[in-house]
Amino acid sequence: MSTVFEKSVPGREGVWPDAPEHDMGEMLPADLTREAPAALPSLSELDVVRHFSMLSRKNYGVDSNFYPLGSCTMKYNPKFCEDIAGLPGFSRLHPLLPQLPRGDELTQGALEVMYETERWLCEITGMSEFTLHPMAGAHGELTGVLTMAAYHADKGNKKTKIICPDSAHGTNPASAAIAGYEVVSVASKDGIVDPDALAAVLTDEVAGMMMTCPNTLGLFEKNLPKIVDMLRSVDALLYYDGANLNAIMGKMRVGDAGFDVVHVNLHKTFATPHGGGGPGSGPVGVCEKLVPYLPISRVVKDPSGRFHLRYDYPKSIGYVAPFYGNFGVVLKAYAYMLRLGREGLIRVSENAVLAANYMRKLLDDVLEVPYDRICMHEFVASADKQSHKGVRALDIAKALLDKGYHAPTIYFPLIVKECLMFEPTETESKQTMDEFVKDLREILAQAETDPAAVQTAPVTLPVTRLDETAAARNMHITQDM
Amino acid sequence: MPYVPHTTADTRAMLEAVGVSSMEELFAEIPQTLRPKSFDLPPGMSEMDTRAKIEDLSSRNNTSLVSFLGGGFYDHYVPSAVDALISRGEFYTAYTPYQPEASQGTLQAIFEYQTAVSRLLDMDCSNASVYDGGTALYEAMMMAVRQTRRVKVVISETVSPIYRILLGTYTKNLNLELVTVPHASGATDFAAMEKAVDASTACVVVQNPSFFGCVEDASALFASAKAKGAVCIVSAYPVLASVIKTPGKMGADIAVAEGQSLGLPLSFGGPYLGIMTCTKAMVRQMPGRIVGRTTDSQGRTGYVLTLQAREQHIRRQKATSNICSNQALCALRCLIHMCLLGDEGLRRTARTCMENARYAAGKLSRIKGVTMLTHGPVGNEFAITLPRPAQDVCLAMIGRGFVPGFPLGRYYPGLENSLLVCCTEKHSRRDIDILAAWLEDEL
């Protein structure tokens with residue numbers, strides 16, 4: 001399909017703002033004026049509407065396709081949340097308003113949304129305080145690590161290392177590294193963190209460890225209490241990557257379990273859409289001793305029930321975002337939490353875990369399931385058996401696309417060969433899962449009889465397999481380059 | 001219950017298939033000692049009641065003020081077609097395009113976005129966006145540090161103070177030296193910046209128009225900084241980039257921007273998007289996702305995420321950045337907005353904003369006791385100095401339903417009497433006339 005630039009017809013008008021009275025020359029000297037126009041497209045409004053409508057049809061989304069993408073929690077996003085985020089009372093609010101004299105009074109509704117969301121997240125996770133500033137999960141990780149660093153610096157601790165399990169999301173080591181830490185990897189044993197391996201790398205120089213629980217294999221970290229004690233013994237902090245929070249709401253609170261810092265992906269657990277890669281939102285919660293280091297601003301409620309933004313926290317790490325994070329995303333999450341309430345959130349986790357285990361059971365005779373025991377909200381399988389006959393995890397993923405499903409996560413975590421990670425979520429029906437499994441079994445049967453057919457999938461989509469090597473080598477990343 | 005589809009029979013069948021007798025048994029691995037000490041949340045609400053509660057909250061925000069607040073975040077008109085197109089579920093309920101064959105819509109849109117913002121800022125290439133203009137600036141600075149292996153960053157005080165605080169937070173534990181060059185009566189002190197650049201300088205950082213609204217030319221600074229091996233970075237305002245001298249023409253190596261003004265609502269601070277563009281020579285230092293054009297097995301054009309060896313899921317702690325998600329849907333809004341306006345529409349918008357600002361500056365500076373803080377050319381924003389504290393004046397004006405601007409003393413000690421006033425195409429001459437009349441009244 002041609003690009004919007006190729007469709008451009010010079011002189012054609014889309015939305016045509018009224019012409020100003022003055023030419024540029026009357027307002028700016030020539031040496032400060034742009035020479036050549038930017039060459040943006042010239043199109044009618046209908047041209048634009050049709051172009052993007054056509055593009056949308058070349059996409060899989062949760063609204064149109066089952067999306068069992070492990071670790072991504074691609075659940076259904078309630079529609080009313082979108083409406084709410086568009087309410088003019090919120091969408092027209094300038095973020096500098098609260099910084100004006102008595103500006104808090106002009107934004108009481110928004111501040112209450114923020115305050116209440118923080119209270120909910122504290123109760124769900126068992127932490128003392130939350131900040132909504134981080135704009136994505138990885139941004140939350142960075143914020144959390146910077147907060148940990150501020151704690152150690154304040155105590156005079158000399159700490160230079162952060163530990164990450166080998167099953168960690170790639171963002172964990174990356175976040176620790178850009179915050180200035182040396183990253184130490186610790187190997188898993190039977191799919192979970194091995195206390196003996198941890199003991200071998202745990203020294204006074206360790207500032208903290210980053211974990212998720214259940215981990216990326218969908219397994220509960222059974223040695224957690226022991227790990228907490230080990231870290232405490234060297235005044236190291238324990239960070240919780242909330243990517244997998246959807247599995248444990250009401251069943252375990254990470255604060256109660258001994259984690260000191262947590263980030264939550266509102267765009268996963270709290271059903272705010274992923275938008276093709278963002279925007280997300282990654283609020284961070286901390287235990288009592290880390291509260292002084294949270295980023296500013298902080299929202300507080302006074303005894304009369306009024307809300308205020310406060311900036312006077314001398315030990316704060318400062319700004320991690322220009323304002324209060326991705327407020328519009330927070331608002332959707334708040335609406336979702338209000339709608340579901342206590343029982344609803346518990347049922348989310350129960351049904352997410354039930355669905356994952358159900359699918360695991362339906363598949364464990366055709367795919368190798370390396371940790372074939374009760375899993376949490378996702379599980380990994382291996383196409384190692386199939387790969388010996390020439391059909392790899394990638395091929396199976398592509399064949400699923402042909403059947404109208406988004407593929408599971410593949411080749412992650414790195415510690416499982418030919419890995420496929422499935423996460424059906426609580427919003428998919430038994431019928432959808434049954435149908436999916438039937439189709440997947442067909443693909444696996446075909447892998448035996450006609451591997452070439454699977455290897456050449458997909459054949460029903462707008463494009464067949466794409467040459468990623470050529471894309472990296474030729475680097476054609478704009479229309480002009 | 002809402003959003004869980006299972007009937008009682010379904011649930012029973014699934015539990016049976018798993019081989020457990022109850023939901024609780026699924027969580028048997030979590031020991032009792034790790035169970036929640038409390039889970040004290042209110043009961044759920046119907047959709048209708050939830051909506052009513054949040055509508056009530058929205059009414060407790062004051063959006064009826066006539067506001068001249070800018071400071072890098074601008075209230076521009078957004079055509080209805082933007083919201084209509086962005087609401088298509090195939091766009092907003094999709095994930096990161098890890099399976100390119102099923103994500104050509106998102107991928108082609110990002111490719112087009114990369115093209116549009118590169119052309120607008122007059123640079124070679126772009127990524128698929130980062131969180132916001134501030135993180136874009138931080139990532140630009142880190143690109144320069146990696147590229148040059150130097151430790152000093154020379155930044156003008158006329159760069160957004162909000163962003164400068166953010167840079168300080170991010171770099172606290174790193175071996176970097178941030179040198180802030182003070183402004184000279186609201187203007188960027190190019191001479192002092194040039195002097196501050198030495199053999200240890202990784203980059204020079206300016207903003208255009210500056211935080212005070214001044215349109216400036218960094219070309220000479222950039223030429224001399226480059227001669228000393230430093231990377232040249234501009235933080236730009238994309239609407240005005242359509243009419244003022246571009247980062248590319250000034251010789252910038254990296255140009256970043258807050259993309260909010262291209263079709264995104266103010267939304268109390270987010271979501272916005274960080275636009276990041278650079279020269280071809282620096283592309284492998286650029287963080288975040290990048291979409292590339294390629295061909296499929298039948299030779300047809302298609303798009304994929306490319307240069308992934310820079311990213312955290314491959315390189316882990318050695319990645320160019322920890323950034324994983326971007327602001328894809330915001331980038332799409334921005335692209336659709338630019339396509340609807342086109343070049344001419346965007347230029348018209350920019351000129352109208354500037355025209356309104358000129359008109360406002362003329363009116364306000366004729367008030368007795370009011371002077372312009374800066375003297376050079378301005379874009380759609382300008383700073384004035386009042387005879388008394390801007391905070392007090394601002395408070396009084398809010399009482400009349402007008403936000404006259406942003407009191408600069410909040411971030412610039414010594415400028416307590418100064419106010420940053422912004423105009424967009426949404427301000428009428430009448431709004432500006434009333435602002436001037438009431439301000440005169442208050443002073």
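A:Met475 is buried in this predicted model, with a relative accessible area of 9%, where buried means under 20% relative accessible area, exposed over 50% and partly exposed in between, judged with a 1.4 Å probe and the protein chains only. The residue belongs to the segment after helix 16 of chain A, and although A:Met475 is not a glycine, its phi is positive, at about 45 degrees. Helices here are DSSP runs of H or I with at least four residues, strands are runs of E with at least two, and both are numbered from the N terminus.

Most residues other than glycine have a negative phi, and most peptide bonds are trans. A positive phi also occurs at B:Asp122, a residue other than glycine, where the value is near 65 degrees. B:Asp122 sits in the loop between helix 5 (104–121) and strand 2 (125–126) of chain B, and B:Asp122 is partly exposed, with a relative accessible area of 31%. As for peptide bonds, the one joining A:Ala457 and A:Pro458 is cis, with omega about 0 degrees, and A:Pro458 lies in the loop between helix 15 (451–455) and helix 16 (468–474) of chain A. In chain B, the bond from B:Gly270 to B:Pro271 is cis as well, with omega near 5 degrees, and B:Pro271 is placed in the loop between strand 7 (254–258) and strand 8 (274–278).

Chain B as a whole has 15 helices and 15 strands, and its C-alpha trace spans about 80 × 55 × 50 Å along the principal axes. Of its 443 residues, 66% are buried. Among contacts in chain B with a separation of 6 or more, 72% are between residues 24 or more positions apart, a contact being heavy atoms within 4.5 Å.

Within chain B, B:Thr294 is part of strand 9 (residues 291–295), and B:Thr294 counts as buried because its relative accessibility is 8%. Leaving aside residues up to four places away in sequence, B:Thr294 touches residues of both chains, including A:Leu466, A:Ala470, B:Arg300 and B:Val304. The C-alpha atoms of B:Thr294 and B:Val304, ten residues apart along the chain, are separated by 7.2 Å. Towards chain A, the side chain of B:Thr294 reaches the backbone oxygen of A:Asp467 at 2.7 Å.

The contact between the two chains takes 204 residues from chain A and 182 residues from chain B. The area buried between them is about 17000 Å², with carbon and sulfur atoms giving 64%; buried area is the accessible area (1.4 Å probe) that two parts lose on being put together, summed over both. Eight salt bridges are counted between chain A and chain B, each a side-chain nitrogen of Lys or Arg within 4 Å of a carboxyl oxygen of Asp or Glu. One of them pairs B:Arg51 with A:Asp83, with the closest N and O atoms 3.3 Å apart. On the side of chain A that touches chain B, helix 11 (residues 327–363) gives the most, with 26 residues.

Residues are numbered from 1 along each chain as its sequence is written, and chains are lettered from A and ligands numbered from 1 in the order in which they are written. Because the model is predicted, local features need pLDDT of at least 70 and side-chain atom pairs count only at pLDDT 80 or more, while totals for chains, interfaces and linings use all residues, and side-chain values use heavy atoms, with hydrogens and water left out.

Terms used. A polar contact is a pair of N or O atoms within 3.5 Å; within protein, one must be able to donate a hydrogen and the other to accept it, and residues adjacent in sequence count only if both atoms are side-chain atoms.
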